[in-house]
Amino acid sequence: MEKQLGKILAEKNLTVACAESCTGGLLTGRLTDTPGSSAYVEGSIVSYSNRIKNSVLRVKEDTLKKFGAVSEETAREMATNVREIFKTGIGLSTTGIAGPGGGTPEKPVGLVYIGISDGKKCFVKKYNFSGTRSEIRNSTVNEIISETIKFLNEN
């Protein structure tokens with residue numbers, strides 16, 4: 001799938017930047033596993049802590065306090081801001097709870113939000129994955145790549 005995404009990005013002459021939390025660089029790693037990806041992958045920020053989400057990715061402190069790091073609002077700001085920081089056509093974000101700990105009844109392990117921004121609109125989707133930490137992280141990467149392909153084919 002990442003090869004297909006790379007082909008679409010190259011055809012549309014678009015670049016991409018990633019803001020990753022729960023995936024810890026896995027998304028960027030998958031994208032850069034494709035030969036020639038330097039033509040469209042600009043870079044990424046792994047923002048595991050709220051401090052980095054706020055200070056580097058410019059997620060508003062109020063957003064983090066009001067909605068939390070794992071929220072639609074945070075995923076939206078991450079995707080939008082990473083695109084602006086790197087000056088790319090597309091910004092991607094992942095934030096969630098990969099487990100095995102860290103979940104609550106309101107935000108259980110497996111809760112993930114992805115964000116895709118092109119500067120005109122920002123698409124955010126919520127998931128509730130199950131499985132091991134590795135499975136949740138891999139499911140997140142598979143879904144954001146798939147959703148980005150759909151997003152780009154629709155726009």
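Glu20 has Val46 in S2 as its bridge partner. The strands involved, S1 (residues 16–20) and S2, pair in the parallel sense over five bridges; two strands count as paired if DSSP finds at least two bridges between them. Strands (E, at least two residues) and helices (H or I, at least four) are DSSP runs, numbered from the N terminus. You are looking at a predicted model, in which local features need pLDDT of at least 70 and side-chain atom pairs count only at pLDDT 80 or more, while totals for chains, interfaces and linings use all residues. Residues are numbered from 1 along each chain as its sequence is written, and side-chain values use heavy atoms, leaving out hydrogens and water.

**The sheet**

- Five strands form an open sheet in the order S2-S1-S3-S4-S5, with mixed pairing.
- At the edges are strand S2 (41–46) and strand S5 (122–128), each of which pairs on one side only.
- From one strand to the next, the twist averages 15° (axes are lines fitted to C-alpha atoms, for helices over the stretch in contact, and angles run from 0 to 180 degrees between N-to-C directions).
- S4 and S5 pair in the antiparallel sense over seven bridges, and Gly115 stands opposite Val124 in S5.
- The hairpin of S4 and S5 has four residues between the strands, and Gly119 there takes a positive phi near 95°.

**Helix H5**

- Helix H5 (residues 72–86) lies across S1, S2, strand S3 (90–96), strand S4 (111–117) and S5, and runs at about 145° to S3; contact here means heavy atoms within 4.5 Å.
- The 15 residues of H5 reach 21 Å from the first C-alpha to the last, close to the 21 Å expected at 1.5 Å a residue (the expected span is 1.5 Å times one less than the number of residues).
- Among the buried residues of H5 are Thr74, Met78 and Val82; buried means under 20% relative accessible area, exposed over 50%, and partly exposed in between (1.4 Å probe, protein chains only).

- Most residues other than glycine have a negative phi, and most peptide bonds are trans.
- Lys87, in the loop between H5 and S3, has a positive phi of about 55° although it is not a glycine.
- Lys87 counts as exposed because its relative accessibility is 72%.
- Arg58 is also not a glycine, yet has a positive phi of about 65°; Arg58 sits in the loop between helix H3 (50–55) and helix H4 (61–67).
- Gly99 and Pro100 are joined by a cis peptide bond, with omega about 5°, and Pro100 is in the loop between S3 and S4.
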